[in-house]
Amino acid sequence: MTSPAVMIEARGVEKWYPNGFHALRGVDLSVHQGEVVVIMGPSGSGKSTFLRTFNALEDFQQGAITVDGITLSDDLGHIDAIRREVGMVFQQFNLFPHLSVLENLTLAPVLVRKLPKPAVERRALELLDRVGIAEQAHKYPGQLSGGQQQRVAIARSLCMEPRIMLFDEPTSALDPEMVQEVLEVMQGLARDGMTMVVVTHEVRFARQVAHRVVLMDAGVVVEIAPPDRFFSNPQHERSRQFLRQIG
Amino acid sequence: MAAPPPATLRPGPVQWLRRELFGSRLDGLISIALISFLLAAALGLARWALFQAQWAVISANSTLFAVGRYPLEQQWRLWLLSALLALATGLSWGLLRALPRSGPPPTLWPRNDRWAVAILVVLALWLPLALQLTLAIQLRWWASTALLLLARWAAGRWGQTLSPLARRLIPLIWPLLYLVGMVLISGGLGLVQVAPSDWGGLLLTLLMASFAILLCFPLGVLLALGRRSELPVLRWGSVLYIEFIRGAPLITLLFLGQNILGFLLPGGLAPDRVWRAAWVLTFFAAAYVAEAVRSGLAAVPSGQLEAARSLGLSMPFALIHVVLPQALRVALPTTVGQFISLLQDTTLLSLIGLLDLLGTARTVMANPAFLGRNAEVYLVLAVLFWCCCAALGLGSRALETRLNPNLAASR
């Protein structure tokens with residue numbers, strides 16, 4: 001039996017912030033192709049920081065991270081190569097407010113992948129249709145609701161045809177009634193076999209979609225388990241405590 | 001069906017006056033006092049301008065005020081440049097109207113434009129007469145205005161039929177025109193050289209200001225980026241430069257520039273006195289533009305750069321396509337404010353002996369034939385500067401509206 005390829009491999013990652021705060025204390029994680037990994041944990045546990053090291057938005061001082069066969073190093077060429085293959089969705093959407101929705105999607109493929117604009121636009125419209133907002137293509141981000149903006153942000157990342165998608169609390173800034181529409185898009189992505197690492201507090205999403213759940217606390221990985229075992233029978237006292245807190 | 005707005009939202013003029021000026025007894029008193037004071041001042045000014053002032057000092061020296069000692073037989077070059085400028089202005093004006101950034105194009109002549117046309121026509125008819133210019137020059141004046149209006153009309157009428165490529169190429173006529181203008185003014189390429197020391201008046205003022213404005217902007221953006229750079233050498237260099245320039249008065253730097261550039265550069269390479277001053281103005285304004293741009297950069301959330309970088313955009317691409325467009329829009333009003341004070345600062349050139357508008361005015365007033373005519377000269381100077389600054393301000397506001405995605409989309 002051949003196991004699927006390893007897409008992300010983090011070994012002993014240590015990070016100190018410039019103010020001396022020890023944010024990551026020797027974190028290990030492997031993510032396989034087509035796998036959905038949900039990272040949970042209390043705020044300040046280092047889960048977002050850890051996620052952001054995967055595409056070098058955060059640096060780290062010790063340990064090693066390999067993404068899609070490319071080892072993260074100070075080499076800027078490597079970093080750009082990794083960022084082309086890894087999509088990122090932010091809590092605050094971070095759409096470009098001076099560009100229309102369509103231009104938000106086409107900017108990077110045209111500039112970075114040097115693809116012809118008409119082809120990219122066709123693909124962008126398909127993606128917008130897939131996330132259910134094709135009719136908003138010519139509006140500006142400021143005219144959309146939070147849920148719509150986050151779906152545009154997902155489509156923008158997908159337009160680069162990434163092999164891995166990272167989500168940094170994608171629903172935390174949304175009004176409750178808009179959370180579902182974003183989660184459904186992410187669920188669809190998972191069904192299509194996208195490799196995903198998701199930092200979130202959405203227990204239902206973790207239960208239904210994740211292959212494995214990671215609990216982080218104070219810069220270390222406390223527990224890694226499939227969702228059914230993690231939520232019904234956590235092995236560690238810290239996990240039980242966390243699950244009680246989010247109730 | 002929307003309900004009609006209540007009547008109080010759209011008051012008639014009398015109601016408006018009553019509400020805004022005479023809302024209470026105190027308001028009424030203040031309004032009456034202010035209005036009578038303004039009326040008295042306006043009356044006094046009008047009486048002086050119509051009966052006491054002797055405008056001959058202006059009409060007799062109009063050429064001097066316009067171009068200084070630019071040789072008479074070469075002035076056709078400046079008229080040609082004026083005609084080209086009129087053409088380009090009319091073209092751009094019409095295209096801006098015909099191709100709004102979003103939404104349907106408005107009518108061919110919106111109300112503001114009709115006002116502008118009326119003012120232009122009145123100026124074209126009245127000014128040459130008031131200045132008692134010769135018929136030949138009057139004709140050139142009328143021709144330039146007619147050219148402007150014709151271009152405005154044609155571009156407004158047929159702007160939408162232009163191909164996308166042409167639309168993208170047309171803004172390039174401005175830099176091109178600047179180069180052509182430089183050749184026309186200074187000579188070369190078969191034209192007789194006219195030395196910078198012969199340029200003067202409004203010509204010199206506008207030339208210095210536009211040169212400095214055009215060059216200080218990119219320089220200022222680079223300095224602002226340098227100030228936020230992660231490379232210490234770049235950062236400290238930029239900080240040092242900006243703080244040094246902002247700590248020194250412009251007039252000091254102008255004198256310094258006249259003296260020091262001669263020592264710094266080997267003989268022959270040192271630019272002429274006029275160009276030395278132009279470069280000092282540019283370097284001076286760049287420091288202030290840099291501060292305006294820095295505040296704009298600070299207004300762009302860090303998530304924007306992160307999003308751009310995580311899409312794989314290189315740092316230059318992320319800056320050019322994501323960060324700078326947003327930062328410059330925020331910095332635009334302050335930057336244009338800098339441009340306006342730069343235009344006014346060109347009057348300091350008269351103190352280092354250049355014959356800009358103010359310098360020319362001082363030589364005219366020193367002429368015994370026009371002794372005591374200072375008020376007339378200064379008033380005209382003030383009006384001229386006001387017109388130039390108002391044009392800059394109007395342009396910046398139009399640009400601001402055009403660049404604001406929320407405004408543009410909700411129109």
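This is a predicted model: local features need pLDDT of at least 70, side-chain atom pairs count only at pLDDT 80 or more; totals for chains, interfaces and linings use all residues.
How many residues does the contact take from chain A and from chain B?

1. **Where the chains touch.** The contact takes 21 residues from chain A and 18 residues from chain B. On the side of chain A that touches chain B, helix H2 (76-85) and helix H3 (101-111) of chain A each supply at least two residues. Sorted by class, that side of chain A has 11 nonpolar, 6 polar and 4 charged residues.

2. **The six-stranded sheet of chain A.** Next, have a look at the open sheet of 6 strands in chain A, whose order is E6-E7-E8-E3-E9-E10 and whose pairing is mixed. Strand E6 (86-89) and strand E10 (220-225) of chain A stand at its edges with a single partner strand each, so one side of each has no neighbour in the sheet. From one strand to the next, the twist averages 15°.

3. **A closer look at E7.** Is E7(A) largely enclosed or left open by the rest of the structure? It is largely enclosed, because 5 of its 5 residues are buried. Both faces of E7(A) are covered: A:Ile164, A:Leu166 and A:Asp168 are buried on one side, and A:Met165 and A:Phe167 are buried on the other.

4. **The helix across those strands.** H5(A) lies across E6 and strand E7 (164-168) of chain A, and runs at about 170° to E6(A). Helix H5 (residues 146-158) of chain A also has a helical partner, helix H6 (residues 176-191) of chain A: their axes come within 8 Å and cross at roughly 15°. H5(A) and H6(A) are therefore roughly parallel to each other, and their crossing is right-handed. On the H5(A) side the contact involves A:Gly146, A:Gly147, A:Gln150, A:Arg151 and A:Ile154, which meet A:Met178, A:Glu181, A:Val182 and A:Val185 in H6(A). This contact has 4 nonpolar, 3 polar and 2 charged residues.

5. **The four-stranded sheet of chain A.** Chain A also has an open sheet of 4 strands, in the order E2-E1-E4-E5, with antiparallel pairing. Its edge strands are strand E2 (22-32) and strand E5 (70-71) of chain A, each pairing on one side only. Strand E1 (residues 6-16) of chain A runs antiparallel to E2(A), and 8 bridges join the two.

6. **A helix pair in chain B.** Finally, turn to helix H11 (residues 232-246) of chain B and helix H13 (residues 273-299) of chain B, which pack at an angle of about 115° with their axes 9 Å apart. H11(B) and H13(B) are therefore roughly perpendicular to each other, and H11(B) passes H13(B) in a left-handed crossing. The residues of this contact divide into 8 nonpolar, no polar and 2 charged. Among them are B:Tyr241 and B:Ile242 in H11(B), and B:Phe283 and B:Phe284 in H13(B).

Conventions
Residues are numbered from 1 along each chain as its sequence is written. Chains are lettered from A and ligands numbered from 1 in the order in which they are written. Two residues are in contact if their C-beta atoms, placed from the backbone, lie within 7 Å. Ala, Val, Leu, Ile, Met, Phe, Trp, Tyr, Cys and Pro count as nonpolar, Asp, Glu, Lys and Arg as charged, and the others, Gly among them, as polar. Axes are lines fitted to C-alpha atoms, for helices over the stretch in contact, and angles run from 0 to 180 degrees between N-to-C directions. Angles under 35 degrees count as roughly parallel, over 145 as roughly antiparallel, 65 to 115 as roughly perpendicular and the rest as oblique. A crossing is left-handed if the near helix is turned anticlockwise from the far one by less than a right angle, and right-handed if clockwise. Two strands pair if DSSP finds at least two bridges between them. A residue is buried if 20 or more other C-beta atoms lie within 10 Å of its own, exposed if 12 or fewer, and partly exposed in between; C-beta atoms are placed from the backbone.
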